[in-house]
Amino acid sequence: MQFYRSHVLVCAGTGCHASGSAELKEALTVELRRQGLSHEVKVIDTGCFGFCRFGPNMMVYPEGVLYTGITAADVPEVVSEHFLKGRVVQRLLYVEPETQSRLVDFEEIPFFHKQQRIVLANCGLINPESIDEYVARDGYVALGTALTRMTPAEVIETLKRSGLRGRGGAGFPTGVKWEFTAKAPGSPKYVVCNADEGDPGAFMDRSTLEGDPHAVLEGMAIAGYAIGANRGYIYVRAEYPIAVQRLNIAIDQARKQELLGKDLFGTGFAFDVELRLGSGAFVCGEETALLASIEGRRGEPRPRPPFPAQRGLWGKPTVINNVETLANIPPIIRNGGEWFASIGTETSKGTKVFALAGDIINNGLVEVPMGTSLGDIVYDIGGGIPDGKRFKAAQTGGPSGGCIPAGFLNTPIDYESLQRLGTIMGSGGLIVMDQDTCMVDLAKFFLEFVQDESCGKCAPCRIGTKRMLEILTRITRGEGREGDTDLLIELGESIKASALCGLGQSAPNPVLSTIRYFRDEYDAHIRDKRCPASVCAALFTAPCTNSCPAGVDVPIYLDLVRAGKFREAYLKVKEANPLPIVCGRVCNHPCEARCRREQLDAPLAIRELKRFAADQVLSTEGKLPSPAAGAGTGRRVAVIGSGPAGLTAAYYLTLKGHRVTVFEALPQAGGMLAVGIPAYRLPRSVLEAEIKSLQSMGIEFRLKTQYGKDVTAESLARDGYEATLLAIGAHRDQKLGIPDEDSLGVLPAAAFLRRVALGDAPSLPGKRVVVVGGGNAAIDAARTAWRLLAREVEIVYRRRREDMPAQDEEVEAALEEGVKLTTLLNPTGVTLSGRNVTGLDCDEMVTADFDGSGRRRTVPSGQKRHVAADLVIAAIGQGPDVHGVPEAALGPRGLVAVSGMGATALPGLFAAGDCVTGPATVIEAVAAGKSVAAAIDRYLGGDGVLAQNPVERTLSAPIIEDLLKREHSQHLPCRERIGNFSEVELGYDAQAACREAARCLRCDAKS
Amino acid sequence: MKTLAELKALKERASKDLALREQTDAQRIVVGMGTCGIAAGAREVMLSILDELGKRNMSKVTVGQTGCVGLCAQEPIIDVMVPGQGRVTYTKVDEQRARRIIAEHVVNGHVCLDWALNVKDEPRT
């Protein structure tokens, strides 16, 4: 009888049969035969295992391994791994869903992993209404120890050694404060707990009082012992009813257990606590105002000194500590000052609790060691920014603090670092803001708050902040005046210097700090009457239009599409952007990211609708219309380069009546549109139609004419051109900067794409292509190589996927086509066989701290890897080819330098687009072309006004507020894309376009 | 409290009580009742838990409360503790989920992995 070393039982029950067990068995038999194992492994049909839900199932004996959900595709792996090498394929194993195998310890959850909980150690674990549970976790041991084994001086000494600083915001050393109070003459003395938490978005103290009230009581009793006080007050907001209730319960329980009251621990020391409810005035968080309020007087601050340590409550020496400070006391007494001092930084010891609020995924309460970086809090603990948006800034210290922009994510959170950045630790509010936040509006919000809360006792705070608010209000209404920003700074500084109390002295901080880091936004509001974040409603008609660099009037043309008026829609777009059919395909659509419909269901497909309207016009008329050229001025302008910036400038200059000639070095017009963006994204016929529409206005194109060679500044002047625009783009590839990169088989991306576009594609069939880089050029190169029948295409990128600058939809499409993406890999050298490339030596990278753009930097992990390649495409950035550009027009970083609206240092010579900014988007090039056209027109004596036709903003059809799905256009199936450059996106049909356009909420129609 | 020893005795008694409760009475459910939890509906969850336990005559299950654990974005949060198993934390619990957690986890011992917070990523299905 044949001996089989292994029996494989394949389930042939009805359930598994339906999920493909017959194919599985067939594949298994074939594969075992192929690998020569059919005499050793026997395949047997068996009945139902009862795991039909996870089928097809397969049991392997003698090991008794159960594979579930196994398909014919898994068979080669199972045969070669398990049957040949004896290694169980873990990923196909059955996982007991009801077992604990997937449960992890709490500390392993990312949210808790980087936290260290001292103050919050009990919060969320014990029942706050049970003193037994507090005692079970060492509660009141610190009080007992202090009373029975330490002198008051020793308690203060321990505190001083711990380095604990006040958690209310100012960070005064707690031990020193206690010492002052202990030594101050006068009796009785008092302990006051400041629980008047008032910063917007802050709730650290509330949660501590609600979750662990006894810790605060114990801390107060220890403070009482240290300074010689027998009575304590907790000043807590009446708006915190749960905290008040739990404090009352805790006080009752502590009294019953004689942990508050007379003769504690048999030492004769007496201490008791009373609550005082505050009515929610922000100023009562200021210690002198708080004391006044406890005494029953109006909550107004008074000048210090004398400090409360000398003359506090009822004129007696008083310690005032914040909730979090007091909650730190028991663990410090239990574990010693040295233990606490071992946590944190040189000058800031221990941990800090933060209330994470705003645009952050894990909204909540976190406690981290001092010195933890802001980036770690926002990304590792906070989970990052929702909806894939970018981090813009974080506000610490509430209305008394300031903001920290993305460039400072590495800042360690401690008192001094924050002060250096112009903000304060504050009590722990941490408001995270994403890219959609307007910093001027933010400053106004905090100033409104301070204005409301100012007690009015001193003039700087009462009147000064009022004046500041008036200025901010007029700025956000588009009525800002030149010099307003400096006026705000001057006012702010003098309020800081002259206000009576902390509230007033810190009130200007949010304004001063946003001016410090975001002055350009103030300038945009004041000079351009523009709110870049589309928040200040008085400054724009609709957020989509406002976020379009070219200012396309989106709602109006969407309305025209909805009404079936495609020609009007196309021409409406063309008033603001001469390339609607191009942008309808390749625009990165910043408009959609700000579409208000996003808050309802999903943003409008604005780009697709623009494309649909343009396609309709082209297919019905056979060509694209353009407005007529303006009345002739007789002036001539030369535009060097026919990319989007050059075309746009030529278009607007023609509208202004100038005669424009476009000089293009390549045999095709379009610049990067023609030789950078591959045809599967932008078909050449479509591009040509749009260029022809510009030609029909009278713009002359001279191809194969290179600036600096075929024409020069002198020849142009001779030929009567009064102004020249350099719009030469950024076609020169940056080098990888690694050894042997000039070998055969290493191609720069822009050169590669240009060759393909001009019909000189390298032969790729059978080759393994590796693209280095993470931008759109890398994706374009990879997808192009895939279309040229490369055997395999892999993108290698040194950062993480979420940090790739490429558009996400492009990355998705590349992956869908089978392009491999390997992140965290950085090439260090080219490997060669003879003169041919065989691959790349790479460093495996790991994430490190944050760079100036707010993205994670990466550093080599020490591990090396070799990536095989027959062709390497380097797509790591481009710069302009400034050959022939006059020296005087050049600036830093190999770019052309311009001042103001696009004038170079040479009279009559202007520049715009990628050659000025470095590689940017098409729509940004269009915007640059517009503004430089206006500048050139003014230079030639025109008014420089590029106005759109006035429109009436009324509703032509009802707004639909029901939840509606965003329409998706058809895409060419992957298998039909191989070996050709057919367009992938197929666009809408008329019904879909109409349905989609009808989703517009018409934010522009105010009535 | 007159001496540290007395406090220590109370601590031992309290710890023993807690341990005893967790061991013999088997299951324990703790509902996060901070302001964040209550605002997100913790009271309703608590009521539905008590109701469900009542319907099932499960008098041995203890129900407790606690404060904010910090994950306010995920409230209401409940912890289910079964002897021999660790603490399982459920997030975004509503009345329906609470009833199902009792039926599946507390009664039948099957952790509802879909709603549990302390679960490894990438479940295999």
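## Strands, sheets and cores in a predicted model

In S25 of chain A, A:Leu840 is the bridge partner of A:Val830.

S24 covers residues 825–833 of chain A, and S25 covers residues 836–850 of chain A. The two run antiparallel and share eight bridges. What holds paired strands together? In general, strands of a sheet pair through backbone hydrogen bonds, and the pairing is either parallel or antiparallel.

Now the turn. S24(A) and S25(A) make a hairpin with two residues between the strands. Look at A:Gly834 in that hairpin: its phi is positive, near 65°.

Keep following the chain. S25(A) is also joined to S26, residues 856–868 of chain A. This pairing is antiparallel too, with nine bridges. Find A:Gly839 and look across: A:Ala868 in S26(A) stands opposite. How many residues lie between S25(A) and S26(A) in their hairpin? Five, and A:Gly854 in the turn has a positive phi of about 85°.

Next, a parallel sheet. Five strands of chain A form an open sheet, in the order S20-S27-S21-S22-S23, and the pairing is parallel. Which strands sit at the edges? They are S20, residues 746–748, and S23, residues 820–822, both of chain A; each pairs on one side only. From one strand to the next, the twist averages 20°.

S20(A) pairs in the parallel sense with S27, residues 871–874 of chain A, over three bridges. In S27(A), A:Ala874 is the bridge partner of A:Pro748. A helix lies across these strands. H32, residues 749–757 of chain A, lies across S20 and S27 of chain A, at about 85° to S20(A).

Compare another sheet in chain A. This open sheet has five strands in the order S7-S8-S6-S5-S9, and the pairing is mixed. Its edge strands are S7, residues 261–264, and S9, residues 318–322, of chain A. On average, neighbouring strands here are turned by 25° against each other, direction ignored.

S7(A) runs antiparallel to S8, residues 269–278 of chain A, and two bridges join them. A:Leu264 stands opposite A:Phe269 in S8(A). H8, residues 174–183 of chain A, lies across S5, residues 189–195, and S9 of chain A, and it runs at about 160° to S9(A).

Now helix against helix. H23 spans residues 554–562 of chain A, and H24 spans residues 566–576 of chain A. Their axes are 8 Å apart, and they pack at an angle of about 165°. Parallel or antiparallel? Angles over 145 degrees count as roughly antiparallel, so H23(A) and H24(A) are roughly antiparallel to each other. Their crossing is left-handed. In H23(A), A:Ile556, A:Tyr557, A:Leu560 and A:Val561 meet residues of H24(A), including A:Phe566, A:Ala569 and A:Val573.

One more residue in this stretch: A:Thr545, found in helix H22, residues 543–547 of chain A. Buried or exposed? A:Thr545 counts as buried because its relative accessibility is 13%, and buried means under 20%. Leaving aside neighbours within four places in sequence, A:Thr545 is in contact with A:Gly551, A:Val552, A:Asp553, A:Val554 and A:Pro555.

On to the cores. In soluble globular proteins, nonpolar side chains tend to be buried together. The largest nonpolar core here has 78 residues. Which members touch the most other members? They are A:Tyr557, A:Leu725 and A:Ile936. Helix H36, residues 922–939 of chain A, gives this core its largest share, eight residues. Another core lies apart from it, with 73 residues, among them A:Val155, A:Ala215, A:Ala221 and A:Val273.

Back to A:Ile936. Setting aside neighbours within four places in sequence, A:Ile936 is in contact with A:Val637, A:Leu653, A:Ala723, A:Leu725 and A:Phe910.

Last stop, chain B. It has four helices and four strands. From the N terminus on, the elements of chain B run α-β-α-α-β-β-β-α. Of the 125 residues in chain B, 52% are buried. Among contacts in chain B with a separation of 6 or more, 60% are between residues 24 or more positions apart.

Notes. Residues numbered from 1 in each chain as written. Chains lettered and ligands numbered in written order. Predicted model: local features only at pLDDT ≥ 70, side-chain atom pairs only at ≥ 80, totals over all residues. Heavy atoms only, no water. Core = buried A, V, L, I, M, F, W, Y, C linked by side-chain atoms within 4.5 Å. Buried < 20%, exposed > 50% of the residue type's maximum accessible area, 1.4 Å probe, protein only. Contact = heavy atoms within 4.5 Å. Pairing = 2+ DSSP bridges. Axes fitted to C-alpha atoms, helices over the stretch in contact; angles between N-to-C directions. Parallel < 35°, antiparallel > 145°, perpendicular 65-115°, else oblique. Left-handed = near helix turned anticlockwise from the far one by under 90°.
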